[in-house]
Amino acid sequence: MSVEQQASPAERVSRRVDGVDVLGAISPSRAADFMTCPLLFRFRTVDRLPETFSVDAVRGTLVHKVLEDLYSLPAADRTPETARAMLVPTWEAFVADDPTLLHMFDAPEAAHEPGFLEWMRSAEVVLDRYFTLEDPRRLEPAEREVYVEALLGSKLLLRGFVDRIDVAPDGAIRISDYKTGSAPGVDYEAKALFQMKFYALVVWRMRGVIPRQLQLIYLGNGEIVRYEPDEDDLLATERKVNALWEAIRLADEAREWQPNRSRACDWCSFKAVCPAWGGTPPPVPEKRVRPDAAPPTAPRWFGRLRRWWRRSR
């Protein structure tokens with residue numbers, strides 16, 4: 001089933017930030033869209049076409065919420081059993097906020113539908129695997145699901161949500177991101193780390209401190225990818241982000257958004273209207289990518305879960 005799209009707070013564009021007119025705003029997810037396929041970026045950001053539910057994405061949001069709430073409990077209570085027990089009430093809260101989530105499954109009531117039970121068991125497996133990677137009883141995150149933003153010297157605004165920030169007694173910062181999928185191969189690792197360097201750049205510009213360590217926690221196969229950035233890394237990331245925005249601006253001016261066939265096409269919602277797959281895209285809307293235009297968006301279910309997530313904290 002298709003749902004309309006609605007902007008995430010991480011992707012709204014303000015014309016002024018602290019009295020400065022911004023060039024535009026971008027999040028890691030929309031940057032990744034353009035790098036994956038410029039036409040995908042257009043469909044999500046300019047056209048704002050509806051997208052189908054993704055059971056994997058919703059499962060990821062569910063697991064993220066449980067892990068965030070787990071750290072609200074006393075350290076001794078942060079056990080696998082407690083985490084598993086949190087899944088159903090968290091899911092029920094999601095559905096209460098957006099009943100259309102049940103359309104992912106065949107039976108309207110969903111609770112006894114085989115597909116739902118299998119899906120929920122897969123979430124339990126992913127959660128159990130987390131405890132083989134970290135012991136949450138020994139961690140006290142400084143911040144969880146924290147919104148960050150920074151304005152670059154180019155007047156491009158970078159923004160997004162960081163899953164977890166840990167701060168050591170000596171002030172060293174570690175940024176962590178949970179992934180419910182499996183770690184990518186060596187050839188794709190740099191692409192995965194771009195998101196983390198993006199966040200590190202934002203935190204550096206916000207706080208004046210380069211994060212000591214970045215870690216991607218892959219719950220799909222139980223692997224942690226760690227990286228220690230330095231100033232050269234983050235300056236290179238800043239140049240890349242500015243160049244990426246310039247490429248987006250040029251594509252927008254030319255009204256040419258080229259498709260890029262890749263493995264990502266296998267789970268793309270837009271294959272039916274993609275010329276690379278024999279489809280015909282709709283005419284490019286008059287709306288353009290600019291600071292006061294409608295910004296990159298996320299599916300409505302994601303926007304609703306984000307809002308509920310913040311209210312529940």
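With a relative accessibility of 31%, R48 falls in the partly exposed class, and in this predicted model the residue has a positive phi of about 55° although it is not a glycine. R48 is found in the loop that runs between helix α2 and strand β6 (51-52). K155 counts as partly exposed because its relative accessible area of 42% lies between the limits of 20% for buried and 50% for exposed residues.

**Overall composition**

The secondary structure of the protein comes to eight helices and 12 strands. Of the 313 residues in the protein, 49% are buried. Among contacts with a separation of 6 or more, 72% are accounted for by residues 24 or more positions apart.

**The pair α1 and α2**

Two packed helices are described by the angle between their axes and the distance between the axes. For helix α1 (residues 28-36) and helix α2 (residues 38-47), the axes come within 5 Å and cross at roughly 135°, which makes α1 oblique to α2. On the α1 side the contact involves R30, D33 and F34, and on the α2 side these meet P38, L40, F41, R44 and T45. By class, the residues of this contact divide into four nonpolar, one polar and three charged.

How does α1 pack against the rest of the protein through its buried residues? The buried residues of this helix are P28, R30, A31, D33, F34 and T36, and they pack against β5 (24-26), α2, β8, α6 (186-207) and α7 (231-254). R30, D33 and F34, which are among the buried residues of α1, are also the α1 residues named in the contact with α2.

A search of the whole structure finds two cavities of 30 Å³ or more.

| Space | Volume | Number of lining residues | Lining residues nearest the centre |
|---|---|---|---|
| Second largest cavity | about 50 Å³ | 10 residues | H64, E68, E145, D163 and Y178 |
| Second largest pocket | about 180 Å³ | 13 residues | D166, V167, A168, A172 and R174 |

Which elements each supply at least two residues of the lining of the second largest cavity? They are α3 (55-70), β7 (143-151) and β8, and of the elements that contribute, α3 gives the most, with three residues. By class, the lining of this cavity has four nonpolar, one polar and five charged residues.

For the second largest pocket, β8 (156-167) and β9 (173-179) each supply at least two residues of the lining. By class, that lining has six nonpolar, one polar and six charged residues.

Conventions
Residues are numbered from 1 along each chain as its sequence is written. This is a predicted model: local features need pLDDT of at least 70, side-chain atom pairs count only at pLDDT 80 or more; totals for chains, interfaces and linings use all residues. Side-chain values use heavy atoms; hydrogens and water are left out. Axes are lines fitted to C-alpha atoms, for helices over the stretch in contact, and angles run from 0 to 180 degrees between N-to-C directions. Helices (H or I, at least four residues) and strands (E, at least two) are DSSP runs, numbered from the N terminus. Angles under 35 degrees count as roughly parallel, over 145 as roughly antiparallel, 65 to 115 as roughly perpendicular and the rest as oblique. Contact means heavy atoms within 4.5 Å. Ala, Val, Leu, Ile, Met, Phe, Trp, Tyr, Cys and Pro count as nonpolar, Asp, Glu, Lys and Arg as charged, and the others, Gly among them, as polar. On a 1 Å grid over the protein atoms alone, a cavity is a set of points where a 1.4 Å probe fits but cannot get out, and a pocket is an open set with protein on both sides within 12 Å along at least five of seven lines; lining residues have an atom within 4 Å of a point. Grid points are joined across faces, edges and corners, and a volume is the space filled by probe spheres set on the points. Buried means under 20% relative accessible area, exposed over 50%, partly exposed in between (1.4 Å probe, protein chains only).
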